[in-house]
Each structure stands twice: as C-alpha cells, then as structure tokens.
2 protein chains.
Amino acid sequence: MPAFKLILCYDGTAYAGWQSQRNKPTVQDTLEAAIREVTGQSLRVLASGRTDAGVHALGQVVGFEVDTRLSAEVFHRALNANLPDDIAILELSEVPAGFHPTHHAVRKRYRYIIYDGPHRNVFQRQYCWQYPYGVLDADAMHAAAAALLGRHDFSSFESQGSRRKSSVRTISHISVCRRGTVGSDLPSADAVRAGEGRGESSESSGPWIVVEVEADGFLYNMVRAIVGTLAEVGGGIRPVTWPAEVMQAANRGAAGRTAPPQGLFLVNVDY
Amino acid sequence: MPAFKLILCYDGTAYAGWQSQRNKPTVQDTLEAAIREVTGQSLRVLASGRTDAGVHALGQVVGFEVDTRLSAEVFHRALNANLPDDIAILELSEVPAGFHPTHHAVRKRYRYIIYDGPHRNVFQRQYCWQYPYGVLDADAMHAAAAALLGRHDFSSFESQGSRRKSSVRTISHISVCRRGTVGSDLPSADAVRAGEGRGESSESSGPWIVVEVEADGFLYNMVRAIVGTLAEVGGGIRPVTWPAEVMQAANRGAAGRTAPPQGLFLVNVDY
C-alpha cells in the first residue's frame, strides 16, 4: 500500500488542536475526512506532533498509507479540494513504507509572534500575542535566550499532563528579533518555506517580535513557557540572567506564565 | 455638545458591513453600543461612507456629538475597552461642531489585495482575493488602469441599487503593483498610516498584487468592479485597452465581474 507524506499549513483558530477529539473540530479529523472523501477509505494519519487549540502550522508533517491509484499530483489536488479554506496541503509525496512523522523527526522549528504596537491589531489578533503591558526589550530577550541554547533539562518549561521519559532536549537555535513586518512569515507560507523570514530580517524596528526556536524535540507547552519567561525579561520585570536560573531550577513553578496559543506556529520539521 | 472624530480600523469579516441593520451585526451598531456603554447616551454616528459585508477599514472616519466630560484620551481608551477585538479606534479627537464625515470628505483611498500564489493562503483568506486562475500580469493591469485616471463617468463600474445624482468622479491615483509581502499594509495599521506601504514598495516579485485607488468619491462597488475588470486584463482574457472601452460604454454590463469583498480595505479619508 503506498505511503504518503504531507506538508500541511493550517490556521488553528477554528480547531481544538491537531489531535482527534469527540465533538470538537480538529485538524486531524478534518484531514481524515478529506482522505475518506477522495479514497473511500477510513484511516488514521500520524503527525510530527500535536499542536494545541489555536496554534497554527506553516509546515506540519503528516504520514499515512492508503490504497490509491491516483498520482501524487492528482491526489494532492483532490485532497485540497476537499479541505476547508483554513487548511492547505503544501506538498504531497510518496515515501517508503514505514515512514513515521513522529519518530523519524530529527529537528523541529517553532515561531512565536508577539505584537507590542500602540494599537489593537485587529487583522492579526488570531496570529500573535498582543502584549498589553507596553514595549518589550527584544535585545534583552535575545540575550537571555542564549542561556537556553544546547542540551539541558527543560522541565521548568514543561506543562503538566505530559508523560515524557526525559525532559532533556537540545535547542540548536533560539533567537528573538524585533521586526517591522511579519508579512513574509505569515501570509506567505511559500516565502517561509523558501528560507526567507527566518528571523534574520533587515528591519530592526517595528511592533513585531519574532521568537524562533529549533530543537530536536519539544516538551508540552515548552515554547509558550519559554516565551512567557522571556517576556518577563523584555518587560523589565526580571533580569537577563533569570531564564538561566529558571532552567536550572528544573521546576515549572519557577518559570513565567505560558504565553497564549495564537502566537505560536509550527514552522517545519526536519527528517 | 462636544463633537468627536474617530479614525477606526476594523476587520469586516464578522460584520454585515458598516451600516446599522436589524438582526445582523454591523460595525456601526457595535460602535454605538460602546459609546452608550461609556457615556450612557444612545446616539447615531456618521461615517465617511458605508463599507459592505466583509470589507475592511484601516482608517474609516466617524463623527458624532455626545455630552461627555471625559478628556479625549480617557474617552478613547474607554471606548476601545468596550469594543471587540476586531474593531479598534486608532485616533479620537474633538472637532468643531458640524463636522460631517460624509459631506466634508474631499478624497478617499481604497486598497484591494489579490493573492495569486501557488498555494491556498490559509492565514490571509479573509483579507484578500485568492485568484484561482493562475498568475496575473500586474504590469498589464497597471497599464490598463492608467486610462481610468482623471475625471470620467464611471457608471460602467457602479453596481445597481445606488441612487447617485451623478456617476462622474475623479480618480487622482490608481496603481497596480506586485509585491512580495503585504505585511506592512495589513497587520500594522500604524505603518500604513505613517505613509509606508502605499504601493511604492521595493519588492516587485511575490504572490501579492496591491491595487490602490484614490478618488474624490466612489460609486457603489466601484473599486471591486474596477478590480474585477483589471483582473481580466491581468489574466490575459482581455487586452490592455479594454478597461478604457468599458468605461466609455457607460454600462455596467460592459465591465468585468465584481471582485469579492474580503480583498477590499478603506485606507483613509482626507478632509
């Protein structure tokens, strides 16, 4: 039976997250319904990981096997035609049997977008955290984040409810940049996937703060807990050295609050 | 009684347009409810013009008189606190009695955003026309649009249902630009209002086409009819000279289809 890999982009606003749930709309159920519509087969798909309610994806990776004679191109088009406006398959390809999007992932990148401009941002309200307490010091946040680079126990940044064997992860990239626009990131998944807009923008002023984190894996709510912690540094409530202390405490109570879901984007997954 | 002028930004997605209607949410009713909440007074506000269902505003201008002792700054903050997330007052100022946002307007600017990239754009789907028929020739659209500059009878671009004395208007600016991002336009009303992102971007490639039209007044659905007509040129269905012929016909049946509402933004109004 042919195995397929999808790269999926979605606006998480209308969904109770990725994972299938009873009586709530989820991205997984919506995708599985489209596959059923096109192939006549009911099956479960696997993803690189769950995303929570309200969290978005620019490049979620999904795998499944299905008996179809459709070419990848036709299958791709047929699935998109059966998906709602807020979910798009960017790529569909046939892969060797046994591809497992969760277990085979070697690296993931998340982006978190904060808006600290003077006005309520009506158009991006579902795609950023509108920070309500004034202007953040992005340089201080960037400096503080550097302590989290490398292999550490991140249990201070893990929400309860998860059952991981280990809370040790390796962050290979973390950056905090102020930007004049998030246009190349947000509206255009193409630009992101082509490697643009990865936090190395030339614009260093403006109301947007983009936090990028790449790691070999993430604990439950890890990015949002890191962002909530860095925001306390950016807001001048805590010193630049604080996130390092939080991490060393290995205690979730030590960290800042979990930043809201709508600012978070799963950018891509490497295999 | 003090008179006030507001500059209002709104996401039109959830509203049946600006103008008050029974049993449907409108921007006008929502704003009047906020004023009632803050001042205890029921009143009607005036706007520079109506916007249709799904149409957005970056700088709608609203005027009203109300008996209040609040300072402009406090009144501004109190109103915003009583407005939903998809409406924001960017500026509030006291003006001389008799200010009429409709009659005193001398010039308005609209922006229409088209996306013709290869993938469904899930994040901007409510803020652009996702052109489904391939890539548009923006240069041809720009060249065709030049014929509409100046004082003309625009009745070919007026939808029925309006009762204007005259369909002669003067377009003082019309441009069509391909852009790599609409970030500085869309998410940040600040940047727009500061004069950035007015179609003179340095980026000349990318999946966005921005149509800007400035005139002393607009007929009903005029921008959307112009955009629908220019898109037939951009799509290669009609020659560059066609919009000029459409205009000269002075007959709505001669023009292209009305482009969908969600790509349209009222940018600003000059007095």
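Modeller: A residue counts as buried under 20% relative accessible area, as exposed over 50%, and as partly exposed in between. The structure discussed here is a predicted model.

Colleague: Does B:Asn23 count as buried or exposed, and at what relative accessibility?

Modeller: B:Asn23 is found in the loop between strand 1 (3-10) and helix 1 (27-39) of chain B. Its phi is near 65°, a positive value in a residue other than glycine. The cut-off for exposed is over 50%. B:Asn23 therefore counts as exposed, with a relative accessibility of 80%.

Colleague: What is the relative accessible area of A:Asn23?

Modeller: A:Asn23 lies in the loop between strand 1 (3-10) and helix 1 (27-39) of chain A. Phi of A:Asn23 is near 65°, which is positive although the residue is not glycine. A:Asn23 is exposed, and its relative accessible area is 81%.

Colleague: What radius of gyration does chain A have, beside that of a compact globule?

Modeller: The C-alpha atoms of chain A fill a box of roughly 60 × 40 × 35 Å along the principal axes. For 271 residues, a compact globule would have a radius of gyration near 18 Å. The value for chain A agrees with this, because it is 19 Å.

Colleague: What share of the residues of chain A count as buried?

Modeller: Chain A exposes about 11,300 Å², and carbon and sulfur atoms supply 46% of that area. A residue has to be under 20% relative accessible area to count as buried. Of the 271 residues of chain A, the buried share is 56%.

Colleague: Among contacts in chain A between residues at least 6 apart in sequence, what share join residues at least 24 apart?

Modeller: A contact here means heavy atoms within 4.5 Å. Of the chain A contacts between residues at least 6 apart, those joining residues at least 24 apart make up 75%.

Colleague: How far apart are the mean positions of the positive and negative charges of chain A?

Modeller: Chain A has 27 positive and 28 negative charges. The distance between their mean positions is 6 Å.

Colleague: Which residues do ring pairs link into a cluster?

Modeller: The structure holds 26 aromatic pairs over all chains. Ring pairs link four names into a cluster: A:Tyr112, A:Trp129, A:Tyr131 and A:Tyr133.

Colleague: Which residues of helix 6 of chain B are buried?

Modeller: Helix 6 of chain B covers residues 242-249. The cover over its buried residues includes helix 3 (138-145), strand 7 (150-153) and helix 5 (222-234) of chain B. Just after helix 6, B:Ala250 takes a positive phi of about 50°. The buried residues of the helix are B:Trp242, B:Pro243, B:Ala244, B:Val246 and B:Met247.

Colleague: What is the C-alpha to C-alpha distance in space between B:Ala53 and B:Pro261?

Modeller: B:Ala53 is in the loop between strand 2 (46-47) and strand 3 (56-65) of chain B, and at 41% relative accessibility it counts as partly exposed. Leaving out residues up to four places away in sequence, B:Ala53 touches B:Tyr15, B:Ala16, B:Gly17 and B:Pro261. B:Ala53 and B:Pro261 are 208 residues apart in sequence, but their C-alpha atoms are separated by 7.1 Å.

Colleague: How far apart in space are B:Thr102 and B:Asn80, C-alpha to C-alpha?

Modeller: B:Thr102 is found in the loop between strand 4 (87-95) and strand 5 (107-115) of chain B. With a relative accessible area of 37%, B:Thr102 is partly exposed. Beyond its neighbours within four places in sequence, B:Thr102 is in contact with B:Ala47 and B:Ser48. B:Thr102 and B:Asn80 are 22 residues apart in sequence, and in space the distance is 23 Å.

Colleague: Is B:Glu158 buried or exposed?

Modeller: B:Glu158 has its place in the loop between strand 7 and strand 8 (168-179) of chain B. Not counting residues up to four places away in sequence, B:Glu158 touches B:Arg164, B:Ser167, B:Leu219, B:Tyr220 and B:Arg252. The relative accessible area of B:Glu158 is 14%, so this residue is buried.

Colleague: Which residues is B:Ala14 in contact with, leaving aside its neighbours within four places in sequence?

Modeller: B:Ala14 is in the loop between strand 1 and helix 1 of chain B. B:Ala14 is partly exposed, with a relative accessible area of 46%. Its contacts, leaving those neighbours aside, are B:Pro25 and B:Asp86.

Methods: Residues numbered from 1 in each chain as written. Chains lettered and ligands numbered in written order. Predicted model: local features only at pLDDT ≥ 70, side-chain atom pairs only at ≥ 80, totals over all residues. Heavy atoms only, no water. Rg over C-alpha atoms; globule rule 2.2 N^0.38 Å. Buried < 20%, exposed > 50% of the residue type's maximum accessible area, 1.4 Å probe, protein only. Areas by Shrake-Rupley, 256 points an atom, 1.4 Å probe, with all protein chains shown as cover. Lys, Arg positive; Asp, Glu negative; His and termini not counted. Charge placed at Lys NZ, Arg CZ, Asp CG, Glu CD. Phe/Tyr/Trp six-rings, centres within 6.5 Å; stacked < 30°, edge-to-face > 60°. Helix = DSSP H or I, 4+ residues; strand = E, 2+ residues; numbered from the N terminus.
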